[in-house]
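Welcome, and please have a look at the model shown here. The notes that follow walk through the fold, the contact between chains and a few local details.

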Amino acid sequence: MTIDPTNLAPVREFWARPIGRHSAELEAVLSILRAGPVAGKYCLIILEPHTKWTIGRISGVRGIAPAYGDAPVFHSIEVAERHIFRLRWQAATGSALPDEEALRA
Amino acid sequence: MKTLLGYADRMSVQPGETIGFKVSSEDEAAYTAAIVRLIHADTNPAGPGYREQELPDFSWQLPGGKQSVHPGSCVIVPPSAALKPAQSFAIDVLIWPTLPERGGQVIVSLWDPSCQSGFQLLLDGKAGLTLQVGAGAVACLGRPMLARHWYHLHAAFDLSSGTAILRQEPLRRYAGVGDRGEMSAALGTRVSFSSVPLVFAARPNVDGGYSSFFNGKIEAPCLSLDGAPAAHWDFAIGIDTETVHDTGPHACHGATWQGPSRGVTGHAWDGSAFHWRERPAHYGAIHFHADDLEDAGWATDFCWKVPIGLPSGLYAAHLRSATDEDYIPFVVRPARAAAGAPLVFIVPTASYLAYANEHLAIDAAIAERVHDHVPAFGPNDLHLAAHRELGGSLYDVHDDGSGIMTSSRHRPILNMRPKYQSWLGGTGSSLWQLAADTHIIDWLDTQGFACDFITDEDVHAEGASLLAQYRCVMTATHAEYWSTNMLDALTDFRESGGRIMHMGANGLYWRIAFNPSRDGVIEVRRAEVGNGWITPPGEGAHAYTGEPGGLWRRLGRPPQSLVGVGFVGQGFDISSYYRRLPDSFNPRAAFIFADVTDEVIGDFGLIGGGAAGLELDRSDPALGTPPDALILARSENHTRNYLPTVEDLLINYAGQAALASVYAELVFFETASGGAVFSTGSIAWAGSLSHNGYGNNVSRITENVLRRFLDPAPFDTDERDPA
């Protein structure tokens, strides 16, 4: 399976609800974006419980903790989820997603 | 960054007894310690907030020192003149290496590290099978080995000629694989032997510890001295003990160190037996791991004698330094002689141990897909990821990929902490096990219910007599791991007219065994069905007890037969709600729904936003739900992330998940002995108790049930036509 980079319907769905009820179409996209080995996988780092997160990368090496420090700080898990989605979409399709406003439409 | 770590010498203590705390201040900073009662360990601002009570008059100023953890298992045979060579020695041993390419893995040593004397036989990376005699004399065979294949090894040394012989013989030959070899080498004769232990799977250090651990199985080591048999260790004897038996002429018995795996298949296992008691000769191996950890062995920093009259509850030693804080939780149970409350809450310490220091989302790429959101890690997770020496959970695997079958509380457990958020706990508060259970503790406290607290270890040790003094037993959000003694105790309690409020889900699920030689250590054998890993063929019987391992459902005692519900599926994104069913209007259930007019139950909560979430249980008459049970409510509208449990899948087909009956059920039934059972069917139920200042239908239903369950009046046992 591959992602059709011109079909932004599942992306808009994700933007509206990053966590929770997802359509089969969005699920299929997420399955592709979330595949891959554990090494380098994105994760969230809790900087302050319930208020502040950043993005880390899992090392894939036993004994080496996820690395973080060069990603933005987020004050909402949903915003962080969208940021990771955006990074993965670009890596998987080679195309950048439109800006936030377009995806909220 | 974590700089304070610790653990207690016990999980359960009663007034008048003393509990000791073992602490490592990683930066050697001074710290203070106080005793607190844990009430609401959830920091979620959407809920009532974190709540603890510090006990006056109990605090300590401590200097702080670093204590280390040294994992790795081996067998130690005490020093004996009968094991010291005079003219020559020869070793024959079978091994099944799991990381053969890794260097410095000692198979057997008679080594004095202080003067570099004696010998060690090891696997040493590309050098392969290696015999070192004395400080610098080394013979290397240089042949590779295949992982998870059996090899017969022979190593011999003649002290008068200085000649070493090494032989490596695979028990299974493949075309084109050069894993067989033999050599002799002149190593010199300047060899001496001190009075030191003979060690299998490691060598001693100068500091009294051990290192250079072997990963894999070792079987049937034999030692010949000066041409005559000196020792033959048979690891199939005493599998359920820590003793290792020498059947040779000098009875040089040894003992295991840091809990290597026994009751595992040996080279002779051929599928004709599936239990080590049935054919011990097929179970002559011990599986060693460089990351086995049974007891960190730390020194005690401070002790506390629990004052007489202190109420039973969940407590912790609260440690604070300039840079960090930590909590070491424990349970104060009621004094044995004292009359307790009519209600008892079983703190599921065995389940806490099962998940202790889990690394699932750090190690497994699939974790994010299971949860349908990105896992979030806090400081304790990051510390665990960097410090594998703290050991893993029963869901993790060792360095060599084999499942971790035992878990101990004699080590810092960083995810058994108040305030700890777990990626396993879904969205919202994101709590799992101990912190999630405080939603119940907080509710009992705020609603004014007197309650005693005991642990799984107490129930295992004391059985039905411990529960018999109570009218109502309350289980936790996810009391998943049960020993036979524990299950017998709860069964006897129910059969004697007791009342059970089964507050969580996926309870009474896996059988465990408690280590008979060492408190606070449990074992699981994930026979037939796995989770994180699956028990290899032939290894389904617990080493600690000999009991067959696996799901209680497959062992003939499904949870549905005891509490009416059992595990059907899980999802970890958002929770949902229940809708009342016709049974909820049955007059038998009138007390449960007193003052509850809503049709929808629990469409709110701190765990994923609803009372039905994470792991879900429902009734199933085929698995023992009583015929007259009332199915009061059923959850609905779960996301597609809620998938059926693997033991219910007999074949795969497209659209299977959508057709599966993955929902929670609220179930009530009376027992023939005048008791009753109420089961919520959901881990998330407790997370809804505090909504709207505790004024909500989940809280009301829970209170209605508890008040009736505490009422000594027996439930109606008149015969009725089955529903």
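## Burial and overall build

A residue is called buried here if 20 or more other C-beta atoms lie within 10 Å of its own, exposed if 12 or fewer do, and partly exposed in between, with C-beta atoms placed from the backbone. By that rule, 57% of the 723 residues of chain B count as buried. This is a predicted model, in which local features need pLDDT of at least 70 and side-chain atom pairs count only at pLDDT 80 or more, while totals for chains, interfaces and linings use all residues. Residues are numbered from 1 along each chain as its sequence is written, and chains are lettered from A and ligands numbered from 1 in the order in which they are written.

Along the principal axes, the C-alpha atoms of chain B fill a box of roughly 95 × 60 × 45 Å. Eleven helices and 44 strands make up the secondary structure of chain B. Helices (H or I, at least four residues) and strands (E, at least two) are DSSP runs, numbered from the N terminus.

Two residues are in contact if their C-beta atoms, placed from the backbone, lie within 7 Å. Among contacts in chain B between residues at least 6 apart in sequence, 74% join residues at least 24 apart.

## Domains and the nonpolar core

An automatic or database domain assignment supplies the domain bounds. It divides chain B into domain 1 (4-66 + 299-335) and domain 2 (74-288). The C-alpha centres of domain 1 and domain 2 of chain B lie 44 Å apart.

A nonpolar core is a set of buried Ala, Val, Leu, Ile, Met, Phe, Trp, Tyr and Cys residues joined through C-beta atoms within 7 Å. The largest one has 227 residues, and those with the most contacts inside it include A:L44, B:I218 and B:V473. Helix α5 (residues 434-447) of chain B gives this core its largest share, seven residues. Domain 1 and domain 2 of chain B each contribute at least three residues to this core. Leaving aside residues up to four places away in sequence, B:V473 touches B:V344, B:I346, B:L467, B:L490, B:F493, B:G498 and B:I500.

## Sheets of chain B

Two strands pair if DSSP finds at least two bridges between them. One open sheet of chain B has five strands in the order β2-β26-β25-β4-β5, with mixed pairing. Its edge strands, β2 (12-13) and β5 (51-62) of chain B, each pair on one side only. Within this sheet, β25 (residues 313-321) and β26 (residues 325-332) of chain B run antiparallel, joined by eight bridges. B:L319 has B:D326 as its bridge partner in β26(B).

Another open sheet of chain B has three strands in the order β29-β36-β35, with antiparallel pairing. Here the edges are β29 (406-408) and β35 (513-514) of chain B. Three bridges join β29(B) to β36 (residues 521-523) of chain B, and B:S408 has B:V521 as its bridge partner.

Strand β27 (residues 343-347) of chain B pairs with β30(B) in the parallel sense over four bridges, with B:I346 bridged to B:I454. Strand β30 (residues 452-455) of chain B is covered on both faces: B:D452 and B:I454 on one side, and B:F453 and B:T455 on the other, are all buried.

## Where the chains meet

The contact takes 27 residues from chain A and 26 residues from chain B. On the side of chain A that touches chain B, α2 (24-33), β1 (42-48) and α3 (77-93) of chain A each supply at least two residues. The largest share of that side, five residues, comes from β1(A). By class, the side has 15 nonpolar, six polar and six charged residues; Ala, Val, Leu, Ile, Met, Phe, Trp, Tyr, Cys and Pro count as nonpolar, Asp, Glu, Lys and Arg as charged, and the others, Gly among them, as polar.

Strand pairing also links the chains: β1(A) and β28 (residues 376-377) of chain B pair in the parallel sense over two bridges. A:I45 stands opposite B:F377 in β28(B).

## Two positive phi angles

Most residues other than glycine have a negative phi. B:N357, not a glycine, has a positive phi of about 60°. B:N357 lies in the loop between α1 (349-354) and α2 (360-363) of chain B and is buried, with 25 other C-beta atoms within 10 Å.

B:Y694 also has a positive phi, of about 70°, although it is not a glycine. Its loop runs between β44 (676-679) and α11 (697-710) of chain B. B:Y694 is partly exposed, with 17 other C-beta atoms within 10 Å.
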